[in-house]
Amino acid sequence: MKALVYHGPGKKSWEEKPNPVITETTDAVVKILKTTICGTDLHIMKGDVPEVTDGRILGHEGVGVIEEVGSSVSNFKKGDHVIISCITSCGKCEFCKKGMYSHCERGGWILGHMIDGTQAEYVRIPYADNSLYPIPVGSDEEALVMLSDILPTGFECGVLNGQVKPGDTIAIVGAGPVGMAALLTAQFYTPAEIIVIDQDDNRLEVAKTFGATHLINSASENALTKVMELTGGKGVDTAIEAVGVPATFELCEAIIAAGGHIANIGVHGKSVELHLETLWSRNITITTGLVDTVTTPMLLKTVQSKRIELKKLITHRFKLGQILQAYDTFEDAAKEKALKVILEN
Ligand SMILES: NC(=O)c1ccc[n+]([C@@H]2O[C@H](COP(=O)([O-])OP(=O)(O)OC[C@H]3O[C@@H](n4cnc5c(N)ncnc54)[C@H](O)[C@@H]3O)[C@@H](O)[C@H]2O)c1
Ligand SMILES: [Zn+2]
Ligand SMILES: [Zn+2]
């Protein structure tokens, strides 16, 4: 089969790899129907995630059809259409029992990280019963690719960790697909004001159509000054960091109101300064987290009932064989006006 293979920072190729096979009775092999590229893949390509080694097939998102299941898989059979969760979970270990699938002792975020991923014609999914979700008949499968990672990530690591409440003023720093997912799902809780901050005017305009009440382009204006102006000098109740660079986390530290929550989502490759000298007395909570994807079934229902329209996040479509071009487009998102790119097998 063909797959997108990582060969060290800055190096990747679309090349021939052996088809995956069932190695444990709990595995499934899934034929990819649609996959995509995540901001995390860009961090991997920059060398920010050093556990990813030369030869790894990237990708941790997608929908597909079951090709084969191991003898102890009971929820799925050949031909079933499934959402592949970015998090693999056994459902049985101590962390899984606590709902912390991201820290499953036998899984967690391993796809396209510690084991081969979904940017390929086929993928092996360990613990298939707990790591795949059935796709309801008649669904728009393309939109459901957003449920593999970005929607639960924005919701769990941003909105739930950030404790967004009715009437709150919140800021989302980073209007990439993950920031947009936080923007869409924050509105379950009716915050009063949603300030979205990015450097890309196109993404900011899209954020407005998704419900942002204020837009700040931090490349052309001082985001800290602007947020303080908008909030009468108080700052925001929740600051969601959805970029993964020191500058944006430090901005969250600067704009947070007393009693506020800073919810980090971004994958960071560099250390960030913690300004405890200004934060210590202000009753601030800082949360971090890898997505658990425990909210995926609930989010699927909100998508099925059209409470959130995920399709609007998709800006580009390619054949899987054009994935190198798709990476270029996603990397150059501002120029290409790109959000989520869909790759079809
Ligand atoms: N915690 C998790 O479980 C988890 C899961 C998925 C993704 N992530 C991370 O979430 C982050 C966002 O993912 P994405 O797919 O939306 O990525 P993305 O690269 O598409 O989006 C990042 C956005 O940040 C903006 N940006 C860059 N530098 C900025 C700056 N200095 N100030 C303001 N905005 C700036 C960019 O213009 C872009 O719109 C990434 O760090 C990704 O690795 C984390
Ligand atoms: Zn991801
Ligand atoms: Zn487990």
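Me: What radius of gyration would a compact globule with 345 residues have, and what does the chain have?
Reply: A compact globule with 345 residues would come out near 20 Å, and the chain has 20 Å, which agrees. The radius of gyration is taken over C-alpha atoms, and the globule rule is 2.2 Å times the number of residues to the power 0.38. Keep in mind that this is a predicted model, where local features need pLDDT of at least 70, side-chain atom pairs count only at pLDDT 80 or more, and totals for chains, interfaces and linings use all residues. Residues are numbered from 1 along each chain as its sequence is written, while chains are lettered from A and ligands numbered from 1 in the order in which they are written.

Me: Ok, and what box do the C-alpha atoms fill?
Reply: Roughly 60 × 40 × 40 Å, taken along the principal axes.

Me: How many helices and strands are there?
Reply: The chain has 13 helices and 15 strands. These are DSSP runs numbered from the N terminus: H or I with at least four residues for helices, E with at least two for strands.

Me: How is the chain divided into domains?
Reply: Domain 1 covers 2-149 + 292-344, and domain 2 covers 153-287. Those bounds come from an automatic or database domain assignment. The C-alpha centres of domain 1 and domain 2 are 27 Å apart.

Me: How many residues does each domain put into the contact?
Reply: Domain 1 puts in 17 residues and domain 2 puts in 14 residues. Contact here is when two residues have C-beta atoms, placed from the backbone, within 7 Å. On the domain 1 side, α1 (39-46) and α13 (333-336) each supply at least two residues, and α1 gives the most, with four residues.

Me: What classes of residue are on that side of domain 1?
Reply: Seven nonpolar, four polar and six charged residues. Nonpolar is Ala, Val, Leu, Ile, Met, Phe, Trp, Tyr, Cys and Pro; charged is Asp, Glu, Lys and Arg; the others, Gly among them, are polar.

Me: Switching to ligand 1: where does it lie, and why?
Reply: Ligand 1 lies between domain 1 and domain 2, because both give residues to the shell around it. There are 34 residues around ligand 1, and G39, G176, V178, G244 and V267 come nearest. To be near a molecule or strand, a residue needs its C-beta atom, placed from the backbone, within 6 Å of it.

Me: Which element gives the most to that shell?
Reply: That's α1, with four residues. The elements that each supply at least two residues include α5 (150-160), β9 (193-198) and α9 (246-255). By class, the shell has 17 nonpolar, 13 polar and four charged residues.

Me: New topic: what share of the chain is buried?
Reply: 50% of the 345 residues. A residue is buried if 20 or more other C-beta atoms lie within 10 Å of its own, exposed if 12 or fewer, and partly exposed in between, with C-beta atoms placed from the backbone.

Me: And how many residues of α6 are buried?
Reply: 10 of the 10, so α6 is largely enclosed by the rest of the structure. Among them are P177, M180 and L183.

Me: How many residues does the largest nonpolar core have?
Reply: It has 106, and V30, A171, I172, V173, L183 and I240 have the most contacts inside it. A nonpolar core is a set of buried Ala, Val, Leu, Ile, Met, Phe, Trp, Tyr and Cys residues joined through C-beta atoms within 7 Å. The largest share of this core, seven residues, comes from α6.

Me: What does A171 touch?
Reply: Not counting residues up to four places away in sequence, A171 touches I195, I197, V227, V236, A239, I240 and I255.

Me: What about I262, is it buried or exposed?
Reply: I262 counts as buried, with 24 C-beta neighbours inside 10 Å. I262 is found in strand β12 (residues 256-264). The C-alpha atoms of I262 and A171 are separated by 9.6 Å, though these two are 91 residues apart along the chain.

Me: Last one: which way does phi go at T293 and K306, positive or negative?
Reply: T293 has a positive phi near 60°, and K306 has a positive phi of about 65°. Most residues other than glycine have a negative phi. T293 counts as buried, with 27 C-beta neighbours inside 10 Å, whereas K306 is exposed, with 8 other C-beta atoms within 10 Å.
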